[in-house]
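Me: I've got a model open on my screen and I'd like to talk it through. Can you walk me through the fold and the aromatic rings?

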Amino acid sequence: ERGVERRGLMVPLSTQTGQLYAVVSSKAGSLTVWDARRKREVQTIGLSQGSVTAIGRGKSSSQFVVAGNTAVDLTFRLFDEVAAVRATTVAFDALPWDEWPTVGKVIHGVQPA
């Protein structure tokens with residue numbers, strides 16, 4: 001599609017049985033699990049969040065974390081292999097925006113009061 005920015009996020013995943021997968025976020029609200037050795041899609045995971053903003057490794061090689069947002073909140077989900085095991089949501093208006101230093105303050109060495 002013309003004028004549409006495409007963005008994909010990927011994290012490698014090793015299952016406890018030794019399979020190597022790549023978890024990819026390439027469209028809003030879903031993840032695709034690819035079998036890295038066979039180069040084929042294994043599963044699509046639908047998420048109930050607006051867009052995926054970050055994806056990263058978890059504590060073990062079989063875990064990954066997904067961060068996403070809607071217009072009103074942030075959601076963080078921990079997956080073990082392809083099963084969601086924990087999730088938490090934080091409303092934007094519950095975040096302490098005024099207490100966090102801004103980029104300008106950090107760059108110029110000014111600390112918040």
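**Fold and aromatic rings**

Reply: Reading along the sequence, you get the pattern β-β-β-β-β-β-β-β-α. Keep in mind that this is a predicted model.

Me: How many helices and strands are there in the protein?

Reply: Going by the order along the chain, the pattern is β-β-β-β-β-β-β-β-α. That gives one helix and eight strands.

Me: What share of the residues counts as buried?

Reply: Buried here means under 20% relative accessible area. The protein has 113 residues, and the part of them that counts as buried is 27%.

Me: How many aromatic pairs are there?

Reply: A pair of aromatic rings is described by the distance of the centres and the angle of the planes. Ring centres have to lie within 6.5 Å to pair. By that rule the count is two.

Me: Is the pair of Phe64 and Phe79 stacked or edge-to-face?

Reply: Their ring centres sit 4.8 Å apart, with 0 degrees between the planes. Planes under 30 degrees apart count as stacked, so Phe64 and Phe79 are stacked.

Me: Which strands does that pair link?

Reply: Phe64 and Phe79 are 15 residues apart, and the pair links distant parts of the chain. Phe64 belongs to residues 63-69 and Phe79 to residues 73-80, which are strand β6 and strand β7.

Me: Is Phe64 buried or exposed, and what about Phe79?

Reply: The cut-off for buried is under 20% relative accessible area. Phe64 has 0% relative accessibility, and Phe79 has a relative accessible area of 2%. So Phe64 is buried, and Phe79 is also buried.

Me: What kind of pair do Phe92 and Trp97 make?

Reply: The centres of these two rings are 6.4 Å apart, and the planes are at 40 degrees. Stacked needs under 30 degrees and edge-to-face over 60. So the pair of Phe92 and Trp97 is tilted.

Me: Which side chain of opposite charge is nearest to Asp73?

Reply: Asp73 is found in strand β7 and touches several residues, including Gly68, Val90 and Phe92. Its side chain makes a polar contact with the side chain of Thr70 at 2.9 Å. Asp73 is buried yet has no salt bridge, and the nearest side chain of opposite charge, 8.5 Å away, is Arg77.

Conventions. Residues are numbered from 1 along each chain as its sequence is written. This is a predicted model: local features need pLDDT of at least 70, side-chain atom pairs count only at pLDDT 80 or more; totals for chains, interfaces and linings use all residues. Side-chain values use heavy atoms; hydrogens and water are left out. Rings of Phe, Tyr and Trp (its six-membered ring) pair if their centres lie within 6.5 Å; planes under 30 degrees apart count as stacked, over 60 as edge-to-face and the rest as tilted. Helices (H or I, at least four residues) and strands (E, at least two) are DSSP runs, numbered from the N terminus. Buried means under 20% relative accessible area, exposed over 50%, partly exposed in between (1.4 Å probe, protein chains only). Lys and Arg count as positive and Asp and Glu as negative; His and the chain ends are not counted. A salt bridge is a side-chain nitrogen of Lys or Arg within 4 Å of a carboxyl oxygen of Asp or Glu. A polar contact is a pair of N or O atoms within 3.5 Å; within protein, one must be able to donate a hydrogen and the other to accept it, and residues adjacent in sequence count only if both atoms are side-chain atoms. Contact means heavy atoms within 4.5 Å. Lists of a residue's contacts leave out its neighbours within four places in sequence.
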